[in-house]
Each structure stands twice: as C-alpha cells, then as structure tokens.
Amino acid sequence: MKTFHFPIKSLLIMGFLIMGSVFTSAQKHLDVVKLKNGNVLKGYIIRQIPGKFLELRTLDKNYWKFDMNDIAEISSAMKRIPKIASDSIPKLDKGLFYELQLGVLVGNKSNSSSAPFSLLASANYLFNDKISIGGGIGYESFEQTQMPVFGSLQYHTRIKGMSSYIFCHTGYSFSIDNRDQIYYSNDNLDSKGGWLLNPGVGFIIGNRSTPMMTLSIGYRFQKIKHKWENTYTQDTEYLKEKFNRLSIHLGIIF
C-alpha cells in the first residue's frame with residue numbers, strides 16, 4: 001500500500017516559530033545608564049566603545065549617544081512585565097469543547113514509514129479549571145491505514161507562565177485495510193489493529209476572542225496484530241508489531 005507522506009519539516013518549523021515568538025517576548029534584562037547630571041535612562045546598550053561613547057536604545061525606541069565622560073554609572077535591572085489582561089489569557093471555560101489536530105508520528109529512518117500522517121478529532125468536557133475527560137477518533141497512515149478510537153484525560157496547568165496541559169490518550173487502533181505480503185511470503189495479511197498509549201504535554205496559544213490553537217508533543221506506543229494463512233504449512237500464523245513514535249500535533253479548539 002502506498003503511504004501518504006506529510007511535510008514534517010514544515011510542521012516542525014511552524015511549531016518552533018510559534019514557541020520561539022512566545023519565549024523571546026519574555027525578555028527581562030535592561031541596561032540602566034545614570035548620567036552625572038542625575039538623569040537615569042533604561043533600555044538596551046546597542047554599541048559601546050570603552051573610554052569614548054555608548055549608544056542606548058530606550059524602551060520608547062529612541063536612540064541616544066552619550067560620551068563616557070558624562071556617564072556616572074552603568075548597571076542592570078529586571079524589566080517589569082506588564083500585567084496581562086485577563087481576557088487575553090488562553091483559558092478554557094467549563095463545559096464541552098472540541099479539538100481537531102493535524103500532525104505526524106515520527107520514527108527513525110529504519111521504519112518503512114518514518115512519519116505517518118495523523119488526523120485526530122475529539123470531544124472533551126472540562127469539569128473544572130484542571131481536569132477534562134473525553135474521547136475521539138482519527139485517521140493515521142501507517143503501512144496500512146489505521147483508525148484510532150481513544151479516550152482522553154487532560155490536566156490543565158501553567159508551565160513557564162504558558163497555558164498548558166498534560167494529557168494521556170489510550171484506546172484501540174483499528175486497521176481499515178490489510179498490510180501487503182511480508183518478505184518471506186506472498187500471502188496477504190489480515191490486519192487486526194491493536195492497543196495504543198499516547199502520553200504527552202501540550203500548549204494553548206491564543207486568547208478568548210479568537211480560536212485557540214494547540215501544540216502538543218508526546219510519546220506514542222502502539223501494537224498492530226496481523227493474521228495470515230501460511231499456505232506452505234497450512235497453519236494460521238500471527239505477526240505482531242510494536243511502534244514507538246514521537247507524536248507532534250498542531251490543533252484548533254472550538
């Protein structure tokens with residue numbers, strides 16, 4: 001069966017850009033320049049030549065150049081982070097919410113399908129500010145197409161000031177079609193699917209006035225069982241496979 005290949009590099013770059021923009025916006029270090037006339041300016045030193053001058057970009061984005069003879073002291077301070085409006089904090093309300101996720105299940109290069117495409121849709125109920133329980137269904141393109149049916153448990157918290165959640169998916173992945181013959185036999189296999197377990201961590205991006213986006217990273221363990229009739233020995237045999245994958249998903253909550 002031909003496997004669909006998802007552009008994993010594009011997904012990873014998108015995820016890292018989102019995370020990078022969040023963390024770089026949390027810069028706290030400030031340079032404090034005290035002049036001999038008593039004035040104090042805060043900002044970022046962008047150029048300095050010892051014994052001659054320095055250039056400072058202040059918080060209002062103005063640029064200043066000072067002779068070193070006019071400077072009494074240079075020190076550092078912590079930037080005061082402005083209070084974030086409560087309606088801009090990505091937070092789910094109590095009750096039912098839905099999530100649609102698009103991603104990949106990354107394996108090593110020895111796998112015949114190194115990054116199967118993964119599409120998950122789930123319905124969840126948030127009982128309080130911390131715990132949500134739900135279930136979902138999906139489509140995944142291993143060597144044979146899989147339809148995972150899973151239960152979901154999430155614990156919502158904050159990591160480094162970001163709205164986040166710890167999750168665990170578990171359930172059964174059904175094989176929609178059969179795997180092609182194995183290397184030592186020309187007989188096709190009757191694929192049965194198998195159990196799956198997928199714990200991980202996710203981050204919620206956005207605010208209450210716009211659709212919330214999610215970025216989740218986890219570990220996928222999955223089994224797939226195949227049944228086939230050995231025409232040479234006339235026996236019924238079983239082939240069992242285990243998969244260990246890195247799951248990466250971008251999602252939208254609505």
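## Exercises on a barrel and its cavities

Strand β10 (residues 162-175) and strand β11 (residues 190-205) run antiparallel and are joined by ten bridges; two strands count as paired if DSSP finds at least two bridges between them, and strands are DSSP runs (E, at least two residues) numbered from the N terminus. The model is predicted, so local features need pLDDT of at least 70 and side-chain atom pairs pLDDT 80 or more, while totals for chains, interfaces and linings use all residues. Residues are numbered from 1 along each chain as its sequence is written, and side-chain values use heavy atoms, without hydrogens and water.

**Exercise 1.** Find the bridge partner of Thr170 in β11, and then name the strands of the closed barrel.

*Solution.* Begin with Thr170, whose bridge partner in β11 is Leu197. Then follow the closed barrel of eight strands, which runs β6-β7-β8-β9-β10-β11-β12-β13 with antiparallel pairing.

**Exercise 2.** Determine which strand gives the most residues to the lining of the largest cavity, and how that lining divides by class.

*Solution.* A cavity is a set of points on a 1 Å grid over the protein atoms alone where a 1.4 Å probe fits but cannot get out, and lining residues have an atom within 4 Å of a point. The largest cavity holds about 50 Å³ of space, and among the residues that line it are Tyr165, Phe167 and His169. β10 gives the most to this lining, with three residues. By class, the lining has two nonpolar, seven polar and one charged residue.

Terms used
Helix = DSSP H or I, 4+ residues; strand = E, 2+ residues; numbered from the N terminus. 1 Å grid on protein atoms, 1.4 Å probe; cavity = no way out; pocket = protein on both sides within 12 Å on 5 of 7 lines; lining within 4 Å. Points joined across faces, edges and corners; volume = space filled by probe spheres on them. Nonpolar A, V, L, I, M, F, W, Y, C, P; charged D, E, K, R; others polar.
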